[in-house]
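Please look at the sequence and structure first.

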Amino acid sequence: MGKETTITWADATWNPFMGCTKVAIECANCYAERDMLRYGKDPHKVVRAKDATFYAPLSWKEPKRIFVCSWSDFFHEDVDPEWRHDAWNTM
């Protein structure tokens with residue numbers, strides 16, 4: 001999760017869960033997979049972020065344009081429904 005990002009259309013990124021499944025040819029050069037491997041994470045297993053990351057947006061004082069789930073799919077079938085519910089509440 002980044003409090004700031006160089007992505008021009010976003011002010012920050014937030015990954016309440018991480019991991020995904022390749023489903024299309026466009027997934028061949030996935031930046032999320034590349035970055036997760038660089039940080040020693042398994043990009044093929046969907047996991048919930050630690051509480052410090054999961055609830056970090058609650059401590060942000062100013063409004064931001066946030067890129068949510070840059071390392072996953074918010075609606076991925078392996079995302080526990082309770083995680084998604086908690087993420088909605090955090091938003």
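**Fold and charge pairs**

Q: Among contacts in the chain between residues at least 6 apart in sequence, what percentage join residues at least 24 apart?
A: The model is predicted: local features need pLDDT of at least 70 and side-chain atom pairs count only at pLDDT 80 or more, while totals for chains, interfaces and linings use all residues. Residues are numbered from 1 along each chain as its sequence is written, and side-chain values use heavy atoms, with hydrogens and water left out. A contact means heavy atoms within 4.5 Å. Among contacts between residues at least 6 apart in sequence, the share that joins residues at least 24 apart is 73%.

Q: What pattern does the chain follow along the sequence?
A: Helices (H or I, at least four residues) and strands (E, at least two) are DSSP runs, numbered from the N terminus. The chain has 3 helices and 4 strands. Read along the sequence, their pattern is β-β-α-β-α-β-α.

Q: What is the radius of gyration of the chain?
A: The radius is taken over C-alpha atoms, and the globule rule is 2.2 Å times the number of residues to the power 0.38. For 91 residues the rule gives 12 Å, and the chain's value is close to this, so the chain is as compact as a globular protein of that length. The C-alpha trace spans about 40 × 30 × 20 Å along its principal axes. The radius of gyration is 13 Å.

Q: What percentage of the 91 residues count as buried?
A: Buried means under 20% relative accessible area, exposed over 50%, and partly exposed in between (1.4 Å probe, protein chains only). By that cut-off, the buried part of the 91 residues is 38%.

Q: Which strand do the buried residues of α1 pack against?
A: Helix α1 covers residues 31-38. In this helix A32, E33, D35 and M36 are buried. After α1 comes G40, whose phi is positive, near 75°. The buried residues of α1 pack against β2.

Q: Which side chain meets E33 in a salt bridge?
A: A salt bridge is a side-chain nitrogen of Lys or Arg within 4 Å of a carboxyl oxygen of Asp or Glu. The N to O distance in the E33 pair is 2.8 Å, and the pair links distant parts of the chain, 11 residues apart, with the partner in the loop between β2 (17-18) and α1.

Q: Which residues are linked with R34 in a network of salt bridges?
A: R34 forms a salt bridge with D35, with the closest N and O atoms 3.0 Å apart. R34 is partly exposed, with a relative accessible area of 46%, whereas D35 counts as buried at 13%. The residues linked with R34 in the network are D35 and R38.

Q: How far from D86 is the nearest side chain of opposite charge?
A: D86 lies in helix α3 (residues 81-90) and touches F54 and Y55, not counting residues up to four places away in sequence. D86 is buried yet has no salt bridge, and the nearest side chain of opposite charge is R48. R48 meets D51 in a salt bridge (2.9 Å, N to O). From D86, the distance to R48 is 4.6 Å.

Note on methods. Lys, Arg positive; Asp, Glu negative; His and termini not counted.
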